[in-house]
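Open the model in your viewer and keep the selection tool at hand. We will go stop by stop.

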Amino acid sequence: MGITAWYMDSSDEDQRTPHRLNPNQPVSLDQLKKLGVFYWKLNADIYETDPELEQIRREQGYSYMDIITIHKDTLPNYEEKLKMFFEEHLHLDDEIRYILDGQAYFDVRDKDDRWIRIAMSKGDLITLPAGIYHRFTLDETNYTKAMRLFVGEPVWKAYNRPADDFDIRQKYATASSRACFFWVLRDDSSSYIVVRLKRTLSWR
């Protein structure tokens with residue numbers, strides 16, 4: 001089972017609630033791909049030795065990795081960090097997150113500036129393209145454990161909206177195609193998965 005996504009309502013209700021429209025307006029993986037958002041389902045129970053994760057990291061150059069646990073008992077300045085994560089912002093590099101435990105939401109803007117909520121749970125790996133406006137929040141369980149991946153040394157700087165003057169934002173907003181293909185072999189080598197991953201600019 002993959003991630004689910006939907007268009008959000010405009011309610012000021014707690015950010016951790018689903019915020020679905022009534023009736024619900026689901027968003028497919030294909031729609032997310034058109035925004036440059038890509039997804040894998042992996043086995044988080046074996047993340048330390050998972051050959052599929054290792055191949056993705058090798059193919060995409062994800063040389064940096066760390067793990068963050070977002071919970072009031074483990075994250076310093078918990079409330080302040082949650083507020084910061086939920087500010088609408090962009091990054092100059094891709095954001096790559098792999099949920100090892102718990103649940104969380106990523107919200108992204110579509111081409112018409114509407115919010116799409118992406119529900120993530122254990123085993124979900126997602127890439128958000130550089131230049132996309134987005135935000136992050138926990139759900140009502142108030143807990144997630146995630147792997148953060150990066151090409152080279154991590155750059156955690158976020159630029160809150162408005163940030164339209166950045167070249168990467170302009171490239172993202174005007175790009176008509178950001179997809180390429182690579183192959184990931186299954187463990188038994190009997191079949192393959194084709195994964196599309198965007199490329200908006202050269203990696204460092």
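This is a predicted model: local features need pLDDT of at least 70, side-chain atom pairs count only at pLDDT 80 or more; totals for chains, interfaces and linings use all residues.

**Stop one: the largest pocket.** Its volume is about 510 Å³. Select Phe85, His91, Glu95, Arg97 and Arg148, which are the closest to its centre among the 25 lining residues. Now colour β4, α3, β6, β9 and β10, the elements that each give two or more residues to this lining. β6 gives the most, with five residues. By class, the lining has 14 nonpolar, four polar and seven charged residues.

**Stop two: the annotated site.** Select His89, His91, Glu95 and His134, where an unreviewed UniProt entry places the feature "binding site". They are spread over 46 residues of sequence, yet they cluster in space, with a largest C-alpha distance of 11.7 Å. The lining of the largest pocket takes in His89, His91, Glu95 and His134.

Zoom in on His89, in strand β5. Its relative accessible area is 7%, so His89 is buried. The His89 side chain reaches the backbone oxygen of Glu87 at 2.6 Å. Contacts of His89 include Tyr133, His134 and Tyr159.

Move to His134 in strand β9. His134 is buried, at 1% relative accessibility. Show its contacts, among them His89, His91, Glu95, Asp107 and Trp115.

**Stop three: Thr144.** Select β10, residues 144-150, and find Thr144 there. Is Thr144 buried or exposed? Thr144 is buried, with a relative accessible area of 0%. Its side chain reaches the backbone oxygen of Asp101 at 3.1 Å. Contacts of Thr144 also include Ile68, Ile99, Phe136 and Leu138.

Notes. Residues are numbered from 1 along each chain as its sequence is written. Side-chain values use heavy atoms; hydrogens and water are left out. Helices (H or I, at least four residues) and strands (E, at least two) are DSSP runs, numbered from the N terminus. Buried means under 20% relative accessible area, exposed over 50%, partly exposed in between (1.4 Å probe, protein chains only). A polar contact is a pair of N or O atoms within 3.5 Å; within protein, one must be able to donate a hydrogen and the other to accept it, and residues adjacent in sequence count only if both atoms are side-chain atoms. Contact means heavy atoms within 4.5 Å. On a 1 Å grid over the protein atoms alone, a cavity is a set of points where a 1.4 Å probe fits but cannot get out, and a pocket is an open set with protein on both sides within 12 Å along at least five of seven lines; lining residues have an atom within 4 Å of a point. Grid points are joined across faces, edges and corners, and a volume is the space filled by probe spheres set on the points. Ala, Val, Leu, Ile, Met, Phe, Trp, Tyr, Cys and Pro count as nonpolar, Asp, Glu, Lys and Arg as charged, and the others, Gly among them, as polar. UniProt positions are given in the numbering used here, feature names are shortened, and annotations may be inferred rather than shown by experiment. Lists of a residue's contacts leave out its neighbours within four places in sequence.
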